[in-house]
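Colleague: I have a model open on my screen and would like to learn how to read it. Could you walk me through a few features?

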Amino acid sequence: MPELVFFSGTMDCGKSTLALQIEHNRSARGLQGMIYSRNDRAGRGKLSSRLGLVTEAVEAADGMDFYAHVVGHLSSGGRVDYVIADEAQFLAPEQIDQLARVVDDLGLDVFAFGITTDFRSKLFPGSQRLVELADRIEVLQVEALCWCGARATHNARTVDGRMVVEGAQVVVGDVVGDAGEGAERHGEVGYEVLCRRHHRRRQTAATARAAALSPDVLPVDAPK
Ligand SMILES: [Zn+2]
């Protein structure tokens with residue numbers, strides 16, 4: 001039975017690497033995938049992993065109809081054996097419904113890869129729809145660790161190393177003016193994965209290091 005599978009996790013959990021692995025394994029067996037990505041780090045029309053691997057992809061634009069796109073490719077003589085959708089958290093809910101229709105009406109496996117929650121620990125709309133519709137959810141936990149060594153389960157947005165909890169869900173580019181409260185006009189926006197404890201306490205690697213160096217601050221776990 002064809003399936004809609006949602007591979008989810010934090011940033012840096014190896015989602016794109018697994019997407020490329022699935023693509024490699026299937027193309028080695030002579031199968032042809034339709035690969036979509038959006039806002040990939042390597043640029044438009046690319047699917048890349050942090051380890052440096054990259055493949056061509058179709059850029060999933062706003063309002064693009066996935067079902068119509070696959071049908072269009074098939075009806076113009078193209079071949080599609082399976083579908084990969086990377087950065088699926090950025091897709092609109094109706095686009096996830098279209099991917100489900102690709103599974104049900106065209107009989108193709110669809111592998112969607114995405115970050116589950118944003119820097120406020122709220123579900124991305126695309127990820128929420130995937131949780132609602134997927135036949136199967138695979139939670140990836142590949143070596144993503146908080147600075148404390150615990151498993152990283154939450155994404156934090158930082159501005160100049162300090163965690164922020166307000167701002168647009170998606171910001172394009174590294175330096176923005178509306179990254180959130182506490183963001184200076186020219187603040188450097190970054191992302192960091194944290195365990196839930198340190199996400200709740202808003203302790204990033206940088207602020208933990210600063211606190212450890214400050215003579216005014218006693219260690220939290222100081223023996224009584
Ligand atoms: Zn931690």
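**Reading contacts, strands and patches**

Modeller: Let's begin with a salt bridge, meaning a side-chain nitrogen of Lys or Arg within 4 Å of a carboxyl oxygen of Asp or Glu. Glu59 makes one with Arg44, and their closest N and O atoms are 3.9 Å apart. The two sit in distant parts of the chain, 15 residues apart: Glu59 in strand S5 (residues 58-59), Arg44 in the loop between strand S2 (33-37) and strand S3 (46-48). Helices (H or I, at least four residues) and strands (E, at least two) are DSSP runs, numbered from the N terminus.

Before we go on, this is a predicted model, where local features need pLDDT of at least 70 and side-chain atom pairs count only at pLDDT 80 or more, while totals for chains, interfaces and linings use all residues. Residues are numbered from 1 along each chain as its sequence is written, and side-chain values use heavy atoms, leaving out hydrogens and water.

Colleague: Is Glu59 buried or exposed?

Modeller: Buried means under 20% relative accessible area, exposed over 50%, and partly exposed in between (1.4 Å probe, protein chains only). Glu59 is buried because its relative accessible area is 14%, whereas Arg44, at 65%, is exposed.

Colleague: How many salt bridges are there by this rule?

Modeller: The count comes to 11. One of them joins Asp109 and Arg26, with the closest N and O atoms 3.9 Å apart. Asp109 belongs to strand S7 and Arg26 to helix H1 (residues 15-28), so this pair ties together parts 83 residues apart in sequence. Arg26 is buried, at 19% relative accessible area.

Colleague: Which strands pair with S7?

Modeller: Pairing requires that DSSP finds at least two bridges between two strands. Strand S1 (residues 4-9) pairs with S7 in the parallel sense over six bridges, and Gly9 stands opposite Ile115. Strand S6 (residues 82-85) is also parallel to S7, over four bridges, with Val83 opposite Val110. S7 (residues 109-115) is mostly covered, with six of its seven residues buried.

Colleague: Which residues form the nonpolar patch on the surface?

Modeller: Patches take residues with over 30% relative accessible area and no salt bridge; like charges are joined within 9 Å, nonpolar side chains (Val, Leu, Ile, Met, Phe, Trp, Tyr) within 5 Å. Here Leu123, Val131, Ile137 and Val139 form the nonpolar patch, with about 310 Å² of accessible area together (Shrake-Rupley method, 1.4 Å probe; for residues, only the protein chains shown count as cover). Val139, in strand S8 (residues 136-139), counts as exposed at 52% relative accessibility.
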